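Please follow the account below with the model at hand. It treats aromatic contacts, charges over rings and disulfide bonding in turn.

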Amino acid sequence: QVQLVESGGGPVQAGDSLRLSCEASGGTFSSYGMGWFRLAPGKEREFVARISQSGAGTYYAESVKGRFIISRDNAKNTVYLQMNSLKPEDTAVYYCAADFAAYRPRADYELGRLYDHWGQGTQVAVSS
């Protein structure tokens with residue numbers, strides 16, 4: 001049973017940076033595509049970023065491109081989300097998710113329903 005545990009969230013001010021971590025256990029981490037999603041009050045779940053199994057490929061939502069960086073360390077079974085230049089609209093609960101598919105077309109990266117396991121989330125609150 002794969003378990004994902006996020007950490008690193010908290011309250012920050014606009015313009016600050018945060019690094020979220022998601023540690024996986026119970027599976028073969030290096031075989032999963034990993035994604036970050038977020039859920040803000042009153043809004044639908046939103047795709048944030050995805051990284052390939054090796055870490056060589058990354059993909060971002062337009063709303064975070066140029067500000068957020070996704071990375072992974074397969075030796076530590078951990079995926080990261082470095083968030084820079086944070087804005088109040090980045091306030092949300094952030095979730096990591098594992099995609100067990102060996103291949104996923106780019107058009108499907110943002111579809112949360114295709115991810116197999118999810119963490120419990122970590123809250124990020126950005127004040128202006």
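Are F47 and Y59 buried or exposed? Both F47 and Y59 are buried, where buried means under 20% relative accessible area, exposed over 50% and partly exposed in between, computed with a 1.4 Å probe on protein chains only. The model is a predicted one, in which local features need pLDDT of at least 70 and side-chain atom pairs count only at pLDDT 80 or more, while totals for chains, interfaces and linings use all residues. Residues are numbered from 1 along each chain as its sequence is written, and side-chain values use heavy atoms, with hydrogens and water left out.

The aromatic contacts come next. A pair of aromatic rings is described by the distance of the centres and the angle of the planes. Rings of Phe, Tyr and Trp (its six-membered ring) pair if their centres lie within 6.5 Å; planes under 30 degrees apart count as stacked, over 60 as edge-to-face and the rest as tilted. The structure holds 7 aromatic pairs. In one of these, F37 and W118, the ring centres are 4.9 Å apart and the planes stand at 55°, so the pair is tilted. Because F37 belongs to strand β4 (residues 33-39) and W118 to strand β10 (residues 117-118), this pair ties together parts that are 81 residues apart in sequence. Strands (E, at least two residues) are DSSP runs, numbered from the N terminus. F37 is buried at a relative accessible area of 1%, whereas W118, at 27% relative accessibility, counts as partly exposed.

F47 and Y59 also form a tilted aromatic pair, with 5.6 Å centre to centre and 40° between the planes. Here F47 lies in strand β5 (residues 46-51) and Y59 in strand β6 (residues 58-60), 12 residues apart. F37, F47, Y59, Y109, Y115 and W118 form one aromatic cluster.

Charged side chains also meet the rings. A charge sits over a ring if NZ of Lys or CZ of Arg is within 6 Å of the ring centre and within 35 degrees of the ring normal. The charged end of R45 sits over the ring of F37, 5.7 Å from its centre. R72 lies over the face of F29, at 4.3 Å from the ring centre.

With a disulfide taken as a pair of cysteine sulfur atoms within 2.5 Å, the count comes to 1 disulfide. It joins C22 to C96, with an S to S distance of 1.9 Å, and the link of C22 and C96 is right-handed, with 50° about the S-S bond. C22 lies in strand β3 (residues 18-25) and C96 in strand β9 (residues 92-99), 74 residues apart. Both cysteines, C22 and C96, are buried.

How values were computed
Helix = DSSP H or I, 4+ residues; strand = E, 2+ residues; numbered from the N terminus.
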